[in-house]
Amino acid sequence: MAIYYRKKIIPNAQNGDNREIDYKDLDLLKLYTMENGRISPSRLTGVSAKLQRKLTRSIKLARFLALLPYTEHYIPNSSK
Amino acid sequence: MTTKQGVDANRHYEIVFLIHPDQSEQVQSLLARYRTLIENNGGKIHRLEDWGRRQLAYPIQKVTKAHYILMNIECNGETLDELKHSFRFNDAVLRNLILQRTHAITTQSAILVAKNNAKPNMTQEPRAKVNEVAVAEDISGIEGNAVDADINTPNEAVIDATEENTTSDNTEDK
């Protein structure tokens, strides 16, 4: 099945990038989210399971702190 | 929750909390209060960063910006509980996150590094804020651009250089 998918190889710990996965490192986390804010599956990013778990946890923490969005559409402040 | 080491064992915590943008002026007094709280209980602040007002990825309590503070502290459980308590009952604190760490962290966080690198572009920020004010009707024009600039630079200079003691709580709003 993996043959038919094009894995985008992202510089990560597997490929020599030694940045610690941190919920504050938004540039790193954004590599692993889709355009609409969803977390990319590892079959697309080619990430190991261990790394994927770390990324997921960091992304969810960043979302809680409003550093990353949960979803793409937010209604601007309408009524109080 | 007592530990086998003893009730007063100091643990490392990393705390991020968000303050309502209209209360940005109170940030310093709030930090001073937390500092004394931690210091009096034998704790230490290893890292204190003020990320300033940041755009939120989604509105929290109907505000689209918040003042972010990051603290890495070492304190005991009692101090942490006091900090949690103060977070819970302080309306200015929108959200807080407390994580336990294994050791003290003093390096600059990625967000502060990115902020410092982006400083030359700060002249573009006022334009973005004008648009936000136009779109968000209930945010008054209090968020002065000059205020942000003043808040950011002195804080970073002071905070990174000094070690302060603050306590933090693990309450999570919402």
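## Exposed and buried faces of helix α1(B)

The face of α1(B) turned away from its buried side carries B:Arg33 and B:Asn40, both exposed (exposed is over 50% relative accessible area, buried under 20% and partly exposed in between, with a 1.4 Å probe and protein chains only). This is a predicted model, in which local features need pLDDT of at least 70, side-chain atom pairs count only at pLDDT 80 or more, and totals for chains, interfaces and linings use all residues. Residues are numbered from 1 along each chain as its sequence is written, chains are lettered from A in the order in which they are written, and side-chain values use heavy atoms, leaving out hydrogens and water.

The buried residues of α1(B) are B:Val27, B:Leu30, B:Leu31, B:Tyr34, B:Arg35, B:Leu37 and B:Ile38. Seen down the helix axis, these buried residues fall within an arc of 165°, so they line one face of α1(B) (the arc is that of the directions from the axis to the C-beta atoms). They pack against β1 (11–19), β2 (44–60), β3 (63–75), α2 (77–88) and β4 (93–101) of chain B, where contact means heavy atoms within 4.5 Å.

## Helix geometry

Helix α1 of chain B comprises 14 residues, 27–40, and reaches 20 Å from its first C-alpha to its last, close to the 20 Å expected at 1.5 Å a residue (1.5 Å times one less than the number of residues). Helices (H or I, at least four residues) and strands (E, at least two) are DSSP runs, numbered from the N terminus. Just after α1(B), B:Gly42 takes a positive phi of about 75°.

## Aromatic cluster

Five aromatic pairs are counted over all chains (centres of Phe, Tyr and Trp rings, the six-membered ring for Trp, within 6.5 Å; planes under 30 degrees apart are stacked, over 60 edge-to-face and the rest tilted). B:Phe17 and B:Tyr34 form an edge-to-face pair, with 5.9 Å centre to centre and 85° between the planes. B:Phe17 lies in strand β1 and B:Tyr34 in helix α1 of chain B, so the pair ties together parts 17 residues apart in sequence.

The ring centres of B:Phe17 and B:Phe87 are 4.8 Å apart with the planes at 45°, so this pair is tilted. As B:Phe87 belongs to helix α2 of chain B and B:Phe17 to strand β1, the pair ties together parts that are 70 residues apart in sequence. B:Phe17 is buried at a relative accessible area of 0%, and B:Phe87 counts as buried at 0%. B:Phe17, B:Tyr34 and B:Phe87 form one aromatic cluster.
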